[in-house]
Amino acid sequence: MRRAYLFRLSQERGLSEEASVRRMDRRTMELNQVSYFINLAETLNFTAAARLSGVSQPSLTRAIRRLEEELGGPLIHRDGKNSRLTGLGRDVEIEFRRVLTAMRSVRNHSENWAMGMRRVLDVAVASTVGPQEFAAFFESAFAEVPSIEIKLHALQPNEDTSDILSGKYHACIMPRETKPERKLDVHSLFRERFVLGCSANHPLAASEIVRSEELIEYPFVDRLTCEFRDQILDHFARQDLLMQPRFRSDREDWVQHFVADGTAICILPERSATAPGLVTRPIEGFALEREIVIATVSGSTAPVEIRKIAQLAAGYAWN
């Protein structure tokens, strides 16, 4: 069947059947080069990479050399046990991993479609966005679009909406970016204030509104993943209130449990407080807010199911 297709293609384009096969084989090799290079980047060893790729070491070496010729530069410093990726190699690795992720996603979706299974939608969520209310939203969305399955991913600090365009995700739930991407549809979900987080037994929990000067009396926990971290620290610095962290972390769950179990405090979005025993209080004169959005690829290139989910999210009654 494959050769019959190639023969028809060769007739249309004036190519011999043999030339068509060679062209198809080159395209297949180009896809193989992606996985070959990823295996090499992980092992930094041609023999080990060849073993992972299921090819001989000379074949993998030739494929990498052809790739270097196509890209115009070396991808790996060949130095025995001290082999390492070049600057170009590191950049290529990032892009190739995106390609492999997109290929796996396409394969999974096509298999699900062929077998009459649910459409899997990959949705990334920023680590600072709390899960409250999203369970109820997705439950209502499943009732409207029963043919889907939602696969949630943690949006890494070095990722943004460009990963939607790369095909890695179908949508992102995250704080609105300051420089919107024109190729994306961005739907607003809700706004939330930044507030004080403290233990339910903390002295500041007794106040309905906390004065800024009271904050410096207690250990402060620095949320390193907070998108508004600089603005928060600058706000208190302008009031001559120096917030000196006793603990810093990019793990939201660790931050919240440290605060909920002790005398430390933090500043966090009011809907993000999920740790048992953690309560929030507004801070006098502190009016910083953020907007949570869902972003998808604009136009008909986005799956109809994810466009429906985004529309439902935009119209949902967030408490």
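**Exercise 1.** In this predicted model, state which residues line the largest cavity and which element gives the most to that lining.

*Solution.* Step 1: the lining consists of Phe220, Val221, Asp222, Arg223, Cys226, Arg229, Ile232, Leu233 and Ile267. Step 3: with four residues, S7 gives the most. Step 4: by class, six lining residues are nonpolar, none is polar and three are charged. Step 5: the volume of this cavity is about 80 Å³, and the search of the whole structure finds two cavities of 30 Å³ or more.

**Exercise 2.** Locate the largest pocket relative to the domains and explain why it lies there.

*Solution.* Step 1: the pocket holds about 450 Å³ of space. Step 2: its lining has 20 residues, of which Pro157, Glu159, Met174, Pro175 and Glu227 are the closest to the centre. Step 3: domain 2 (118–185 + 295–315) and domain 3 (191–291) both give residues to the lining, so the pocket lies between them. Step 4: the lining comprises eight nonpolar, six polar and six charged residues.

**Exercise 3.** Determine where confidence is lowest and where it is highest in the protein.

*Solution.* Step 1: the mean pLDDT of the protein is 84, and 87% of the residues score at least 70. Step 2: helix H1 (residues 2–13) is lowest, with a mean of 41, whereas strand S10 (residues 278–281) is highest, at 96. Step 3: the pLDDT is below 50 over residues 1–29, a stretch with 19 contacts in the model beyond near neighbours in sequence.

Definitions and conventions. Residues are numbered from 1 along each chain as its sequence is written. This is a predicted model: local features need pLDDT of at least 70, side-chain atom pairs count only at pLDDT 80 or more; totals for chains, interfaces and linings use all residues. Side-chain values use heavy atoms; hydrogens and water are left out. On a 1 Å grid over the protein atoms alone, a cavity is a set of points where a 1.4 Å probe fits but cannot get out, and a pocket is an open set with protein on both sides within 12 Å along at least five of seven lines; lining residues have an atom within 4 Å of a point. Grid points are joined across faces, edges and corners, and a volume is the space filled by probe spheres set on the points. Ala, Val, Leu, Ile, Met, Phe, Trp, Tyr, Cys and Pro count as nonpolar, Asp, Glu, Lys and Arg as charged, and the others, Gly among them, as polar. Domain bounds come from an automatic or database domain assignment. pLDDT is the predictor's confidence in each residue, from 0 to 100. Helices (H or I, at least four residues) and strands (E, at least two) are DSSP runs, numbered from the N terminus. Contact means heavy atoms within 4.5 Å.
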